[in-house]
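Please consider the sequence together with the coordinates.

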Amino acid sequence: MQTQKNKTYRIAILGILSAFIIIQTFVPFLGNIPIPPLNPTIIHITVIVAAFVLSTKDGMLVGLVWGLARMVKAYTLPASPLDLLLWTNPIIAVVPRVMVGLVAGLIFHAFLKRKQEKRGMVIAAVLGSLTNTVLVLGFIALFYGNEYATALNVDPSNLLKVLAGIVATNGIGEAVAAGLIAPFIAKALMKVRRK
């Protein structure tokens with residue numbers, strides 16, 4: 001009976017988080033916090049929560065949903081020509097999102113074994129968030145460095161400095177948001193499971 005409850009809970013939470021990811025991807029301002037001059041994303045928090053509440057594999061699965069949804073959006077609703085260039089590449093659109101679930105899940109569960117749930121959630125959320133930022137920007141620089149530099153109106157030789165600036169602004173903002181919000185949501189969902 002308990003196993004069936006756990007399976008039902010897992011499927012329900014996976015469905016809810018996957019649906020939420022799709023909504024966040026396609027509905028403007030639900031996946032981002034517009035704080036000028038930054039525009040930090042909060043979609044990765046949903047992936048991190050899945051890794052905390054369910055498992056590392058489930059976090060990776062929700063990350064996969066995010067990556068695929070982002071690719072579909074690039075094909076169907078591109079905001080710019082850059083969208084079609086960058087976000088239709090599965091290495092940029094999908095791999096970092098799956099890695100968010102992997103990194104957050106592995107780190108959290110390592111802390112959980114040491115009975116440090118709170119600390120583990122914060123550290124795992126921050127590192128999971130930074131994983132997305134660093135991998136996305138790194139892959140963009142690797143595959144489309146010249147095109148991205150042109151779009152940003154910077155010299156290609158200065159692109160790494162510009163990307164480091166993005167990590168230091170948006171990336172840190174996203175990581176702080178993840179470290180504050182993900183544990184709060186995950187704990188609430190864990191309480192529901194325990195009842």
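In this predicted model, buried residues account for 43% of the 195 residues in the protein chain. The secondary structure consists of eight helices and zero strands, and the order along the sequence is accordingly written α-α-α-α-α-α-α-α.

The overall dimensions come next. Along its principal axes, the C-alpha trace of the protein chain spans about 60 × 35 × 25 Å. The radius of gyration is 17 Å, which agrees with the value near 16 Å that a compact globule of 195 residues would have. Among contacts between residues at least 6 apart in sequence, 69% join residues at least 24 apart.

One helix pair may now be examined in detail. Two packed helices are described by the angle between their axes and by the distance between those axes. For helix α3 (residues 56-76) and helix α6 (residues 95-113), the axes come within 6 Å and cross at roughly 160 degrees. Since an angle over 145 degrees counts as roughly antiparallel, α3 and α6 are therefore roughly antiparallel to each other. The crossing of α3 past α6 is right-handed. On the α3 side, the contact is made by Thr56, Gly59, Met60, Gly63, Leu64, Trp66, Gly67 and Arg70; α6 contributes Arg97, Val98, Gly101, Leu102, Gly105, Leu106 and His109. Classified by residue type, this contact of α3 with α6 has six nonpolar, seven polar and two charged residues.

How many of the residues of α2 are buried? The helix is mostly covered, with 11 of its 11 residues buried. The buried residues of α2 include Ile43, His44, Ile45 and Thr46, as well as Phe52 and Val53.

Val53 belongs to helix α2, which comprises residues 43-53. Is Val53 buried or exposed? Its relative accessibility is 1%, and because buried means under 20%, Val53 counts as buried. Which residues does Val53 touch, not counting those up to four places away in sequence? They are Tyr9, Ala186, Leu189, Met190 and Arg193. A separate distance relates Val53 to Ala177: these residues are 124 residues apart along the chain, and their C-alpha atoms are separated by 18 Å.

Terms used
Residues numbered from 1 in each chain as written. Predicted model: local features only at pLDDT ≥ 70, side-chain atom pairs only at ≥ 80, totals over all residues. Heavy atoms only, no water. Helix = DSSP H or I, 4+ residues; strand = E, 2+ residues; numbered from the N terminus. Buried < 20%, exposed > 50% of the residue type's maximum accessible area, 1.4 Å probe, protein only. Contact = heavy atoms within 4.5 Å. Axes fitted to C-alpha atoms, helices over the stretch in contact; angles between N-to-C directions. Parallel < 35°, antiparallel > 145°, perpendicular 65-115°, else oblique. Left-handed = near helix turned anticlockwise from the far one by under 90°. Nonpolar A, V, L, I, M, F, W, Y, C, P; charged D, E, K, R; others polar. Rg over C-alpha atoms; globule rule 2.2 N^0.38 Å.
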